[in-house]
Amino acid sequence: MRMFGLNGPGKMVGGWRWRRGIHCVASALCVVGLACGSGIARAASNDGKGAYKTGKYRNLFAEAGHSQAEIDAKINAAYQQLFHGDGETQAIYFAAGKNANGPLSYVTDWANHDVRTEGMSYGMMIAVQMNKKEEFDALWNWVMTNMYISDPVHPSYGYFSWSCKTDGTAREETPAPDGEEYFAMSLLFAANRWGSGTGIYDYHAEAERLLRAMRHREVKSGQTKFGPRKVGPEVNEEHAMILFVPGVMEHPFSDPSYHLPAFYELWARWGPEEDREFWARAAEVSREYFVKATNPKTGLAPVYANFDGTPHETRFVQSGEFGYDSWRTPSNWSVDWSWWRKDPEEQVLSDRIQGFFASEGMGKYSPVYTLDGKAQGATPKLTPETDAPIGLVGTNAVASLAAKDKVRAREFVDALWNAPVPSGYSRYYDGMLYMMSLLHASGEFRIWGPK
């Protein structure tokens, strides 16, 4: 979740902080989510034809001629730089002492000098995919220590403050659903890969608690440190769709980049039994939403969109444009195609958006566009004009998982391979997307199913 305020990045608007135009190979038994693994049998026809069913993940880098040793070295070097590199120019992951639950660490957003549920949940997902349990637990401990709202009378009870200072002080006491989505999925993967522990490290119980809150949390009104808030579920029940924020609004809306049908399919199998039908429906809705929300010529999606897919035109900067949040959208539909292969329209969308960006010139495109393809330039504070949008280079390469034009798709994969590990000012958001894109493109971002 990266938002802009009416008066620029990080300003408060109506009680919500509208942020930056933003915001080892496992065995088949471990990586294939077994349909009956959580006590519910599903017909094989519902499991699609992707990696969930086959256990096979495309390695786009290997297809481009790189050896596995080269691929492993690139992934490990990126991880080492972003998580354990020089703190002044490279790292976004920092140790923060210990408490009764063990070590604490956080991922920081350098552009806004804070810690966000977005980055913390991405960090946890990267850690579980890389088999880095120590880092995973330290991040989760920091989240539960500083971000979790445990007071039953608080309007955000059961959720997380989406932004804190690096000392753990809240900058806002309301949630952003993109963080909760990645928390829930990474916790389920951790439970399946490592087994659950006790307390906050009972990963499965923590994931189920959060998934139940996302759908069933009652509307609660009350005071926060930043004024009164009214917060409800993180999904719209009628539309079976994730909300941009669960704060009660007169006209609620969504964010296409929050839509994660690849995850919803897993929650429909492993999540709380009473909610499985809902998440199965949400997956289908999201696939349809991708088509509705993207421009029919460019394939570009807006930062915010109404439930019918039309751009949510508001006073917020980039609301109806392809902005920093939007970079994630093609990656989301392409991973869904890779894991499930249920909707061929996702292939059409990948060809469409790669065709647009190829016409802009590989590596020369703007980070922000109107939906019909007019470049809007960068937001100087967040992505200086001299910086390449490496996060977007990454997600455009992930779109190759679904693209049918193999020659053009290879160009995007090559662009990611040749991109440097983000460093300096833009290393947070670009770095997170770059790291996850490497894992997706190499086939190492996997479904960790029940053993």
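Guide: Start with His154. At 9% relative accessibility, His154 counts as buried, because the cut-off for buried is under 20%. Keep in mind that this is a predicted model. His154 sits in the loop between α6 and β8. Setting aside neighbours within four places in sequence, His154 is in contact with Ile149, Glu173, Lys220, Gln223 and Thr224. Take two of these partners in turn. With Glu173, the link is a polar contact of 3.2 Å between the side chains.

β7, β8 and β9 form an open sheet of three strands, in the order β7-β8-β9, and the pairing is antiparallel. β7 (115-116) and β9 (170-172) are the edge strands; each has a single partner strand, so one side of each has no neighbour in the sheet. Strands of a sheet pair through backbone hydrogen bonds, either parallel or antiparallel. Here β7 and β8 (residues 163-164) pair in the antiparallel sense over two bridges. Ser163 in β8 is the bridge partner of Arg116.

Edge strand β9 covers 170-172. The side chain of Glu172 makes a polar contact of 3.2 Å with the side chain of Arg229. Arg229 belongs to strand β11 (residues 227-231). Arg229 counts as buried, at 9% relative accessibility.

Next, helix α8. It runs over residues 203-216, which makes 14 residues. At 1.5 Å a residue the helix should span 20 Å, and its end C-alpha atoms are 20 Å apart, so the two agree. The buried residues of α8 are Tyr203, Glu206, Ala207, Glu208, Leu210, Leu211, Ala213, Met214 and Arg215. An α-helix has 3.6 residues a turn, so residues three or four places apart point the same way. What do the buried residues of α8 pack against? Their partners include four helices by name: α6 (133-147), α7 (177-194), α9 (261-270) and α10 (276-293). Strands β12 (235-236) and β13 (241-242) are also on the list.

The whole structure holds 37 aromatic pairs. A pair of aromatic rings is described by the distance of the centres and the angle of the planes. For Phe136 and Trp194, the centres are 5.3 Å apart and the planes stand at 80°, so the pair is edge-to-face. Phe136 is in helix α6 and Trp194 in helix α7, so this pair links distant parts of the chain, 58 residues apart. Both Phe136 and Trp194 are buried.

Phe290 and Trp333 make another edge-to-face pair, at 5.9 Å centre to centre and 65° between the planes. This pair also links distant parts of the chain: Phe290 in helix α10, Trp333 in helix α11 (residues 328-340), 43 residues apart. Phe290 counts as buried at 1% relative accessibility. Trp333 is buried too, with a relative accessible area of 0%.

Beyond pairs, there is a cluster. Among the members of one aromatic cluster are Tyr122, Tyr182, Phe189, Trp267, Trp279 and Phe445.

Finally, charges over rings. Lys74 lies over the face of Trp417, 4.6 Å from the ring centre. Arg269 lies over the face of Tyr52, at 5.0 Å from the ring centre.

Key:
Residues are numbered from 1 along each chain as its sequence is written. This is a predicted model: local features need pLDDT of at least 70, side-chain atom pairs count only at pLDDT 80 or more; totals for chains, interfaces and linings use all residues. Side-chain values use heavy atoms; hydrogens and water are left out. Two strands pair if DSSP finds at least two bridges between them. Buried means under 20% relative accessible area, exposed over 50%, partly exposed in between (1.4 Å probe, protein chains only). A polar contact is a pair of N or O atoms within 3.5 Å; within protein, one must be able to donate a hydrogen and the other to accept it, and residues adjacent in sequence count only if both atoms are side-chain atoms. The expected span of a helix is 1.5 Å times one less than its number of residues. Contact means heavy atoms within 4.5 Å. Rings of Phe, Tyr and Trp (its six-membered ring) pair if their centres lie within 6.5 Å; planes under 30 degrees apart count as stacked, over 60 as edge-to-face and the rest as tilted. A charge sits over a ring if NZ of Lys or CZ of Arg is within 6 Å of the ring centre and within 35 degrees of the ring normal.
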